[in-house]
Amino acid sequence: MGFVEEIKRSLTVAPFECAWGEELRFGEPGRGCVAFEASAQNDVTLVFRQQPGSQHYHYKMDSSRHYTVILGSHRNKRLRIEVDGSTVVDVAALGLCCSSSFQAYWISIYDGLISIGQGRHPNTNLLFQWLDPDPNPNVQYVGLSSWDKHVGYRKISILPAAPQNSILWNHIEYAYADSDQRLCCGKRGFRDDSDQRLLADFLESWDFSDAVFVVGIERKVVPAHKIVLCASGDFPFQMADGATIELPSVSYPVLHSLLEYIYTGLTQVAEWLLSSLLELSSNFNVKSLVKCCEEIINCLEVDNKLSESSRILKLSSSGFQDHKFGSFPLKTPVDAQKIGQFLGNGKHSDINIHVNGHGLVAKGHKLILSLWSVPLAKMFTNGMKESSTSDVFFKDVPPEAFFLLLQFMYYGELKLDTRDITSVLVELLLLSDQFAITVLQFECCKRIMECLSEDTVCSVLQAVSSIPSCKLLEEVCKRNFATHFDYCTTACTDFVLLDEATFKDILQHCDMTVTSEERVLDAILTWCMGTCETFYWTSVDKLLRTSTPEQLFGERLSAIDTLLPLVRFPLMQLSMLKRMERSNLANQIQAFRQLVAEAIEFSHAGHWTPTSYECERFQHRRSSYKEFQYISDGDSNGVIYYAGTSFGKHQWMNPVLAKNITVVASSPNSRHTDPKALVSKNYQGTCFAGPCIEDGKKLSWWMVDIGQEHQLMCNYYTVRQDGSSTFMRSWVLQGSMDGRNWTSLRVHDDDATICHPGQFASWPIVGPPALLPFRFFRVALTGPAAGSVPNAWNLCICFLELYGYFR
């Protein structure tokens, strides 16, 4: 497809102003994409709202619901997203502006999923993505705004919602808007496949026909489809000849108008035939057409214009039914709920669907399946055995996911209510790709992103890396893996099943977050070995005493030279590099030896050599963690103490008073339940959190919020008993990212470690939980405390400190 000619003129928005226009409008509320080029020193600002604003509109003064995306905020340092005036995203070094030239960007909104990228083609070069937990379904107009500097815009294009046509984004015809010309958007309604059929294509078609009308005195035979007719009205197919309806007194033009209305949602009829059409639609109880005819007749009678003329009248249904997916192929008057019921009861079916190993799973309808899937339509019509048989067998398809696929095609919605369904969604995603159902592909991607976790990211990546239309989900998975690299490469070894290109992309990801470069080296060696066990570099070094690299790494030996340079050896300690220099890895693998030697040379030369500015290996990772190591009880090496120094900026003061962290108790604040006392350096005679009821259970807890911009992978913690003799025995340390959903980091059952007033006690966090970053932490009493008071539920601690890897 060719491109629409680009408009050369640009639009300049003055400070604190905003440009609107009918041309800057999504075709569907809540779903659309804007692509554009911008030139500015900072604050390229786009506003998305239900109605257009004025020239002097500013998002800071808007009380209505809206989204605001700011590229180059904070003097061109950050990317921000605001919802209704409140900041929900504020990240550094993404989507920055350029004043010396125009940069291309795209912003897509789809049911609250906001995606931002660079370049001309949406779904490529993704910079950031955020899903609104409470989506605004009405945003439709795009405002081009600014802050305190002029912003230049040009080559602005409004595109259909990105996910619906994600396979063909690079082939969509662009149309560029300016203030004087109405948008003409390429082929907005084009289909995902040139062979895709609509219900209108089956109007009076013999394909899949299982019913006929015999109409008029000439006995003209008109084919139709029972499932479509019975979902639109009451047609008497239960009579003796269940496939034929005789209409000797009805003319063909009237029947044609009825069928056209059912199959397309609109029709036209001569004025003198309108009463006949009303009578016919009443006989078959096609309610929406009856209503439409009556309204027109009433209007004509009021105006005294009802006549026997041949004037053509146009009749239209109310449009699409209220479906979650705008691409549902059945319009009013076809009732989607009835269509779904036919899947359940098998009525009017013409195909028995079998899944190998599970027998008959459904009685289906070739017409419905063909409307959604081009491959299935071809299978039923190209002369294969499925074209003439009523039994179809599907091999190697998961039955649960396959039935969900069928339900989607009949109901137009994905019937999944539970959250822990990633494996089923991945199977359904693969099926939707196999049968080319694009809208279901995107819905699966969206659902997977909503419930994606560090435990499922590897299995999802394996599946989607082979599906071209799932690049957005693939990028989200890679970012999730990269930001939880330690956990994803330690908790299990599923990552060794990833292909080399995917694993390399993760290692090169700009959000790659690790506690040490040794972790990266360990992961690369484990992947190259392809084993189901995690290997540290020291373990591999020992294996090389009795084995060759060819024996250890097999077919992946060649990947060693590609992946090892992604380890930032110069960031390692010199003593570690010296050990590596003397290792079997250095002796037998040339790339390893050269990289270690380079890092040692760099260490001796100092960090001011020109090389440090030429290669990423010599620079710290942007998202690396700072380690806070436990030394002794009550030391000054913890994260909470560090927060008291405003994260290393000044001398210590209570971090609660400095407003660097927040402390909350399960019971209301009081003289003896004082948040600032828990993080002070002073011993407290009485300091406790009282009990509350959560999910029907009694709990007492102290919670610390280290701040929206901070995370901690906790590997050690310390508490101190207050001056009482009420000692905790059963409790848990938990972490959370949102303060609602908690992960247990260490569980204590009948632990009698604390047995004296004022006593310190510390414990390590081991295993995969120590590799997960959290913002919120709490110590929660899960059973009655021991002491002189029976069944006491007061959590009596006066000090808490956390250690680990912090950012």
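Author: The secondary structure of the protein chain comprises 24 helices and 30 strands. The model is predicted. Of the 807 residues in the protein chain, 55% are buried.

Reader: Why is Cys445 said to be in no disulfide?

Author: A disulfide requires two cysteine sulfur atoms within 2.5 Å. The cysteine sulfur nearest to that of Cys445 belongs to Cys470 and is 3.5 Å away, and Cys445 is therefore in no disulfide. For Cys796, the nearest cysteine sulfur is that of Cys687, at 8.6 Å, and Cys796 is likewise in no disulfide. By this rule the count is 0 disulfides.

Reader: What makes Cys445 count as buried?

Author: The cut-off for a buried residue is under 20% relative accessible area. Cys445 has a relative accessibility of 6% and therefore counts as buried.

Reader: Is Cys796 buried or exposed, and how do you know?

Author: Its relative accessible area is 7%, so Cys796 is buried.

Reader: What makes the set of 153 residues a nonpolar core?

Author: The term applies to buried residues of nonpolar kinds joined through side-chain atoms within 4.5 Å. The largest such core has 153 residues, and those with the most contacts inside it include Phe213, Tyr263, Phe402 and Phe592. Helix H9, residues 399-411, gives the most to this core, with 9 residues.

Reader: Which residues is Phe402 in contact with, leaving aside its neighbours within four places in sequence?

Author: With those neighbours left aside, Phe402 is in contact with Ile353, Val355, Val361, Phe394, Val397, Leu431 and Phe435.

Reader: What is found at the start of H6, and what follows the helix?

Author: At the start of H6, a side-chain oxygen of Asp335 comes to within 2.9 Å of the backbone nitrogen of Gln337. The cut-off for a polar contact between N or O atoms is 3.5 Å. Gly346 follows H6, and the phi of Gly346 is positive, near 70°.

How values were computed: Residues are numbered from 1 along each chain as its sequence is written. This is a predicted model: local features need pLDDT of at least 70, side-chain atom pairs count only at pLDDT 80 or more; totals for chains, interfaces and linings use all residues. Side-chain values use heavy atoms; hydrogens and water are left out. Buried means under 20% relative accessible area, exposed over 50%, partly exposed in between (1.4 Å probe, protein chains only). Helices (H or I, at least four residues) and strands (E, at least two) are DSSP runs, numbered from the N terminus. Contact means heavy atoms within 4.5 Å. A polar contact is a pair of N or O atoms within 3.5 Å; within protein, one must be able to donate a hydrogen and the other to accept it, and residues adjacent in sequence count only if both atoms are side-chain atoms.
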